[in-house]
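I opened the file to go through it one region at a time. These are my notes, in the order in which I looked things up.

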Amino acid sequence: MTFKIAASPHTHQRRTTRQIMRLVYLALIPGVILQSVFFGWGVWFQLILALATAWLAEGLCMRLRGRPMWSAWRDHTAMVTAVLLAISIPALAPWWIIVIGTAFAVIVVKHVYGGVGQNLFNPAMAGYVVLLVSFPVQMTSWPAPTMLTEHSISVVDTINLIVSGYTSAGYNLEQLRTGIDGLTMATPLDSLRTDLGSQMTLAEATDKPIFTDFAGVGWQWINLAYLLGGLVLIKLRVISWHIPAGVLLGLGLPALLGAAFAPDQQIGPVLHLFSGATMLGAFFIATDPVTAATSNRGRLWFGLLIGALVYIIRTWGGYPDGVAFAVLLGNMMVPVIDKYTRPVVYGHRGHP
Amino acid sequence: MSAELTDIEADRLWNFPGGIHPPERKELSSGTPLSSLPAAGDYRVPVKQHNGEPGEVCVQIGQQVLAGEPLTKPGMANGLPVHAPTSGTITAIGPARIAHPSGLADLVISIRADGEDNFCELYPVPDYQQLSRTELLDRLRDAGIAGLGGAGFPTDRKLALQRPLDYLIINGVECEPYITADDRLMQEHAAEIVRGTEILLYIAGCSKALIAIEANKPAAIEAFKPLLADHPTIKLRIIPVKYPSGGEKQLIQILTGREVPSRGLPIDIGLVMHNVGTAFAVQDAVDHGRPLIQRVVTVTGENVRKPGNYWVRLGTPVERLLKRCDYAPEPQQPVIMGGPMMGFTLPDLTVPVVKITNCILLPASSELAPAQQEMPCIRCGACSDVCPAELLPQQLQWLAKAKDYDGLEEQNLFDCIECGACAYVCPSEIPLVHYYRKAKAEIRNIARDKASAEIARERFEARQQRLEREKAERLERHRQAAEAREKAQAQAVKAGGDNPQDAVQAAIARAKARKAAQAAAATKAGDKNDGKNDGKSTGDSE
């Protein structure tokens, strides 16, 4: 009889890329649910559009590259990219925004560079930045949290808005974003940026309905949910703690210093950590293994760099939030970080 | 005593980076006591079963041999003899398949057992301390003892290195899943292992020994505890369960916090390590004079109905062992010699058990699922997290695929111990170790080609030099000959004798005289002839 010949090891821990990506989806669920609670049905439609686009784009690219399509669909990496991008954009953005962004992320950022494992930049964030730079109005039109708006938006209205830009009653997105007080609602970070820029103190700037709690209505709970999901991923050893810890430290420490030295002009650490895309970025985006540093020490530096960049962009940059730019800049630094954080190999340390 | 030694004495244990916790599955085989196979049938004894040169065959076909009789004389470099596993007749000496991942053939001595199992005369040492170190080393070599832990390095060579030693470490960790051969040996023969350790201490000229056992072998630990409770020189160390704690470098790190320098030996940092099986074999060779002709082999896996541990004579074909254990192979059954992490698959069952065979594993496809298709690396870094050598397996993998051999050496590929932890955790199921082995082999080939090219170049240059030297010598000889000639001439001139110049002058003079004589004759013959001849001849002679 013939016996099977194979190379050692003959045993394998059965956690495949596919399973890892599934766990990432699962960990995102609490945050996504809360996001849809606060920003309406649009979140789900954006997700559907993004997933469909990613699925098609991935298949098309594999076809063009002459590789089996199933192998790309099976690993779910494009789907995770799609989900991350879909939850990063305003829930009521027109349909073509997410389609363009996802297609760019999958086709250009991922496959043009050689497919899974080969891309230099985080696909979701590169897609996001392309959208933000190309369509700034649509990309900054975040709806106000549902409990603060005058009009509640039904499922049908949501579809109409995303597809045509108007609800069935004829309101456009701009009108819907107007709050109970008649002022256009911005995200907490955006509002703070504008107000602090016009010489208001932090106390004055946060005296608004969106700041009723510690870090902005809706956003604080969403951030807590992503923090929870992220901690689960660490617990399941899908990600290591180094990158999230680095991001939160890199952002939190300067924020603490800023709050200590200029409490009236600087956003405090709590608002920084629990608003905007902080937790999503720290646990789900910066931890993309393909584009992050490889050693644990490197990962910590990579995280710290991203955190510090987020702080710099939020404080002095031209955008209210800076996770996407910070992640891309961090991606650029990865080869350098990897070069200088290579661990010392066994037997190469000096001996006494 | 240095602070570090104080720490070691105080039972401190260190950790090593990385490592994994694969399912241990040791319960399959650890429960049944050791038993032996009857000495019958054919045995195939490969002449090279250790890491070194094979010995020279000293038996002939048809010769009757007794159990324990040497079949080879050890060669010079790291040589070890092999011995007849039982009494019988030599039936063949020739190439046959051996236990090697390549499945290649090597010189094998076949013996048909006579069933009597008569031993040759054995020479036990009544008191080893009466013998000198060298005498004992010779005994170990003649007994054919190689490291039974896996590498098969001749034990006498390891002990022959004389350097100051802090500790002798006896490795009873057996961290590889499924294997329980050392476990059973320790449970049943702890006293002999302690005795072997004492002998090893004496030979090594070392004063302290540590016996290390992984915490998942409580029965073995209990067997040693009473023996070592008040032992003056040997201490027991129970180490936490993690793969690959039993690797030589990792165990040294756990017990002493020291690191064996890259491309160095444990003795460079004052340590030497032997396996528990080796300690037992040393005791057997010294106290009973028995050469190494048997060892404990675990036979396990879900496709073996009677898994357990057996005393197996070296040279026993795997098939006989498996039959004894009632094996039920499935289609495409892998037969693994060694464990699931570092073992290799056998091409057929005629392969014999040798000195380094610790396990035969027949897993069901449901327990060790066959490898799936390799997927692209997603740089997740799980491999670097588990690498006990703190290498960057994914970088190595890329460099290996790109055949960047300089890059591989720069990233210390040769510090890889091939434990397989990286491939075990890889979510893309990349056979990382396979890539490293291939790259290592290619680098070795390149180094060998380079070395032989270097020799060729040296030979070519030597030839060029010789040719030039010969040419120079030839020219020199010619020059000397010319000089000698000139000198001789000069001497001749000085002597006033045969000056060549004079000879020429003489010749001219003779010619003149002859012409003059002819001219005179012509003039005499008649003045009426024209005077042209005259004029000419005069001109000639000018």
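**Notebook: helix 15 of chain A onward**

I began with helix 15 of chain A, where Thr278(A), Met279(A), Leu280(A), Gly281(A), Ala282(A), Phe283(A), Phe284(A) and Ile285(A) are buried. I count a residue as buried if 20 or more other C-beta atoms lie within 10 Å of its own, as exposed if 12 or fewer do, and as partly exposed in between, with C-beta atoms placed from the backbone. The helix spans residues 278-285 and is mostly covered, eight of its eight residues being buried. Helices (H or I, at least four residues) and strands (E, at least two) are DSSP runs, numbered from the N terminus.

Conventions, noted once: this is a predicted model, in which local features need pLDDT of at least 70 and side-chain atom pairs count only at pLDDT 80 or more, while totals for chains, interfaces and linings use all residues. Residues are numbered from 1 along each chain as its sequence is written, and chains are lettered from A and ligands numbered from 1 in the order in which they are written.

**Confidence, chain A**

I checked pLDDT, the predictor's confidence in each residue, from 0 to 100. Chain A averages 87, and 92% of the residues score at least 70. Where pLDDT is low, the predicted coordinates should not be read in detail.

**Thr187(A)**

I looked up the UniProt record, an unreviewed entry, which places "modified residue: FMN phosphoryl threonine" at Thr187(A). UniProt positions are given in the numbering used here, feature names are shortened, and annotations may be inferred rather than shown by experiment. I found Thr187(A) in the loop between helix 9 (173-176) and helix 10 (188-197) of chain A. Is Thr187(A) buried or exposed? Thr187(A) is buried, because 22 other C-beta atoms lie within 10 Å. Leaving out residues up to four places away in sequence, Thr187(A) touches Trp142(A) and Pro320(A). Contact here means C-beta atoms, placed from the backbone, within 7 Å.

**Strands of chain B**

I then turned to strand 11 (residues 271-275) of chain B, which is mostly covered, with five of its five residues buried. Leu271(B), Met273(B) and Asn275(B) are on one side, Val272(B) and His274(B) on the other. Strand 11 pairs with strand 8 (residues 167-172) of chain B in the parallel sense, over five bridges; pairing requires at least two DSSP bridges. Ile169(B) stands opposite Met273(B).

I also traced an open sheet of six strands in chain B, order 1-13-12-16-14-15, with mixed pairing. Strand 1 (35-36) and strand 15 are at the edges with a single partner strand each, so one side of each has no neighbour in the sheet. Strand 14 (residues 336-337) and strand 16 (residues 359-361) of chain B run antiparallel, joined by two bridges, and Met337(B) stands opposite Ile360(B).

**Domains of chain B**

The automatic or database domain assignment gives domain 1 (3-37 + 124-361) and domain 2 (375-497) of chain B. Their C-alpha centres lie 38 Å apart. The contact takes 14 residues from domain 1 and 14 residues from domain 2.

**Chain A against chain B**

How many residues does each chain bring to the contact? I read 50 residues from chain B and 33 residues from chain A. On the chain B side, strand 15 (344-345), helix 13 (421-425) and helix 14 (432-495) each supply at least two residues. Helix 13 gives the most, with three residues.

Notes: Two residues are in contact if their C-beta atoms, placed from the backbone, lie within 7 Å.
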